[in-house]
Amino acid sequence: MSVKIGIALGAGGARGLAHLGVLKVLEDEGIPVHCLAGSSIGAVVSAMYAQNPDADFITERIRQAIDESFYDELRLNSLKKNCAKNGSIFHQVAQNIKNRIIINIAQSREALLKEVRLRNVISKFIEAGNIEDTKIPLGIVATSLHTGEYTLIRTGDIIAAVTASSSIPCFFSPMFWNGDLLTDGAVSCPVPVQFLSQMGVDITIGVEVCMREYSPLEVVNVIEIIDRINLITSRNLSRMMANAADVAICPDTKDISWSDFSRLDELVQAGMDSAKEKIPEINKAIQRKLPWYKRLIRQ
């Protein structure tokens, strides 16, 4: 096939496990992925797939790595225990700071946890090496705290780049990278569709994995309102970026929290279901890009 297809995998914490189901369906349907761009958890899955383009393989690798030590290293157990199920990342970080760190300590620290913790966990998923050496061309998106702009990383240490893209603000300390200070790609570019055309593809696919269901606000105060606004803003920005692709895939992630990695199978299935629904649309997009004589052959 002469048509090149690129896929952008979006941010969303644990909900990004749905990306695995999307990639699995594309494989089953014989639809190749010629390049990937990822933000936050999308960067993790993109890097894994770029190194080993086998959805079943990386799903099992993730299944084996998500054990008790995974939750302990990232302090996810305490977050799930102390915070509302459908609170945003920033709400949960704020609650954790309020509950566990006094004000003068919080003012002198970059974050709750050092980025080395996140790097150690990411090393369990991604093989050491450089981005430019992956089997499938890869772009990792992070956010500059100096400029406020998003940045696409195409070369250099793949584990460091994915760590920068996944460094939740205030939860993990930001990372210095070539004179810049980088944090989570989700802050500025949750679904990095716009970079795919720069990477030389003909058809773009955007996968958005925001929360679908919100519980009514039981307590209405400033913190809860800001939290809900953050969730809505993030969802709408992600949806807008995904819809800029030729094909947008939006798995039904229900009310699954960003920190709940225990629902792997449910999320993979959600990704598969949504991708299957989009196969006719993807095939039509491929058909439109083919020369007229190849369109006749496919028909």
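This is a predicted model: local features need pLDDT of at least 70, side-chain atom pairs count only at pLDDT 80 or more; totals for chains, interfaces and linings use all residues.
Q: How do you know whether the sulfur of Cys-210 is bonded to the closest cysteine sulfur?
A: Look at the gap. The closest cysteine sulfur belongs to Cys-250, and it sits 8.7 Å away. A disulfide needs the two sulfur atoms within 2.5 Å, so this pair is too far apart for a bond. For the protein as a whole, the disulfide count by that rule is zero.

Q: What makes Cys-189 buried or exposed?
A: Its relative accessibility is 0%. With the buried cut-off at under 20%, Cys-189 is therefore buried.

Q: Why is Ile-229 called partly exposed?
A: The figure for Ile-229 is 48% relative accessibility. Exposed would take over 50%, and buried would take under 20%, so Ile-229 lands in between and is partly exposed. You'll find Ile-229 in helix H10, residues 222–243.

Q: What makes Leu-217, Val-220, Ile-225 and Ile-229 a patch?
A: Patch members need over 30% relative accessible area and no salt bridge, and nonpolar side chains are joined within 5 Å. These four form a nonpolar patch on the surface, with about 340 Å² of accessible area together.

Q: Which residues have the most contacts inside the largest nonpolar core?
A: Ile-7, Leu-36, Phe-125, Ile-126 and Val-162 do, in a core of 73 residues. Helix H11 (residues 264–289) gives the most to this core, with nine residues. Another core lies apart from it, with 15 residues, including Ala-8, Cys-35, Val-201 and Met-241.

Q: What does Phe-125 touch, leaving out residues up to four places away in sequence?
A: Its partners are Met-48, Arg-61, Ile-62, Ala-65, Ile-66 and Phe-70. Met-48 is also one of the buried residues of H2.

Q: How many of the chain's residues count as buried?
A: Of 299 residues, 54% do. The chain has twelve helices and eight strands, and its accessible surface is about 13,400 Å², with 52% of that belonging to carbon and sulfur atoms.

Note on methods
Residues are numbered from 1 along each chain as its sequence is written. Side-chain values use heavy atoms; hydrogens and water are left out. Patches are made of residues with over 30% relative accessible area and no salt bridge: like charges are joined within 9 Å, nonpolar side chains (Val, Leu, Ile, Met, Phe, Trp, Tyr) within 5 Å. Accessible areas come from the Shrake-Rupley method with a 1.4 Å probe; for residues, only the protein chains shown count as cover. A salt bridge is a side-chain nitrogen of Lys or Arg within 4 Å of a carboxyl oxygen of Asp or Glu. Helices (H or I, at least four residues) and strands (E, at least two) are DSSP runs, numbered from the N terminus. Buried means under 20% relative accessible area, exposed over 50%, partly exposed in between (1.4 Å probe, protein chains only). A nonpolar core is a set of buried Ala, Val, Leu, Ile, Met, Phe, Trp, Tyr and Cys residues joined through side-chain atoms within 4.5 Å. Contact means heavy atoms within 4.5 Å.
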